Amino acid sequence: MGGDHIAASGPTPGTEPSVRLADLTWQEFAACVAAGSLTVILPVGATEQHGPHLPLSTDVVLPVAVAEGVARAIGGLVAPAIPYGYKSQPKSGGGNHFPGTLSLDGATLVAVVRDVVNELARHGVRRIVLLDGHMENQWFLTEAADLAQRDQRREGVRDLRIVKLGYWSFIDPATLASLFEGGPFTWELEHAAVMETSVMLHLRPDLVRTDRVPDNPPAAFPHYDVYPFDTRPIPPDGALSSPARAAAAKGARVLDQVVPAIAAALAEAFNSPGDLVSKERQAEETR
Ligand code: ZN
Ligand code: MN
């Protein structure tokens with residue numbers, strides 16, 4: 001698919017064509033759309049503290065790497081990532097008060113993602129993946145997808161399909177067992193901890209401060225939220241559980257396992273039959 005029609009427009013022989021949408025010319029992009037069934041993946045990240053050992057870009061670097069692997073596997077393209085996300089929450093990202101954490105209001109994030117989806121749709125893309133790299137984004141991506149679907153139905157577009165996913169959901173039990181060595185974990189406390197640190201050690205070891213990897217016990221939060229945040233349960237260094245057992249090989253295994261799993265899931269999601277919206281709702285909205 002994508003690989004083939006990009007190749008047809010003539011990259012240097014022997015080099016793999018780029019899966020980055022923004023590396024293409026407008027004519028190359030148009031050819032990808034015209035060839036049909038193009039999937040475009042939009043990584044949505046955050047600029048957020050990740051402990052004393054990982055960079056603020058962690059939630060961008062990880063989903064972009066996953067997206068590029070998936071795009072190569074399925075012949076798709078990766079749109080430029082959105083580097084800002086919804087506000088860091090104490091229980092999943094340490095909180096928005098850490099220096100360098102630059103966040104968007106929910107309405108802003110929804111508006112940005114909705115606009116990008118509508119722009120892709122305007123140019124004929126009908127398969128769009130919102131690939132989340134930051135847990136706090138998830139319901140805002142749902143809202144953006146819903147509003148863009150409504151916009152497109154009003155434009156008369158009936159065949160736009162959007163898939164939303166968090167890459168961490170695809171890590172299977174065997175990979176989890178190897179990551180955490182059989183110990184307990186929760187995804188919410190996996191912030192700047194074993195998984196993210198391992199994948200960063202694999203992808204960007206130059207950005208990991210290996211002499212500053214903390215080894216703190218998992219944070220313990222109450223079952224309610226209070227505003228303004230009570231900062232006392234938040235580990236002061238920003239890692240919500242210990243990354244001490246992180247390793248580059250564990251990170252490589254995560255990517256090797258997750259990329260084909262997401263590629264397979266997309267094949268299923270984009271090829272499932274049927275009109276997923278009731279005719280009544282379509283009629284009502286286009287009136
Ligand atoms: Zn993160
Ligand atoms: Mn995050």
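Biologist: What span should helix α3 have, at 1.5 Å a residue?

Modeller: The expected span is 1.5 Å times one less than the number of residues in the helix. Helix α3 (residues 58-74) has 17 residues and should span 24 Å; its end C-alpha atoms lie 25 Å apart, which agrees. This is a predicted model: local features need pLDDT of at least 70, side-chain atom pairs count only at pLDDT 80 or more, and totals for chains, interfaces and linings use all residues. Residues are numbered from 1 along each chain as its sequence is written, while chains are lettered from A and ligands numbered from 1 in the order in which they are written.

Biologist: How many residues of α3 are buried?

Modeller: A residue is buried if 20 or more other C-beta atoms, placed from the backbone, lie within 10 Å of its own. In α3, 14 of the 17 residues are buried, so the helix is largely enclosed by the rest of the structure. Just after α3, G75 has a positive phi of about 75°.

Biologist: At what angle do α7 and α9 pack?

Modeller: Axes are lines fitted to C-alpha atoms over the stretch in contact, and angles run from 0 to 180 degrees between N-to-C directions. Helix α7 (residues 173-180) packs against helix α9 (residues 248-271) at about 170°, with the axes 10 Å apart. That makes α7 roughly antiparallel to α9, a term for angles over 145 degrees.

Biologist: Which residues of α7 and α9 meet?

Modeller: Two residues are in contact if their C-beta atoms, placed from the backbone, lie within 7 Å. T175, S178 and L179 of α7 meet K250, R253, V254 and Q257 of α9.

Key
Helices (H or I, at least four residues) and strands (E, at least two) are DSSP runs, numbered from the N terminus. Angles under 35 degrees count as roughly parallel, over 145 as roughly antiparallel, 65 to 115 as roughly perpendicular and the rest as oblique. A residue is buried if 20 or more other C-beta atoms lie within 10 Å of its own, exposed if 12 or fewer, and partly exposed in between; C-beta atoms are placed from the backbone.
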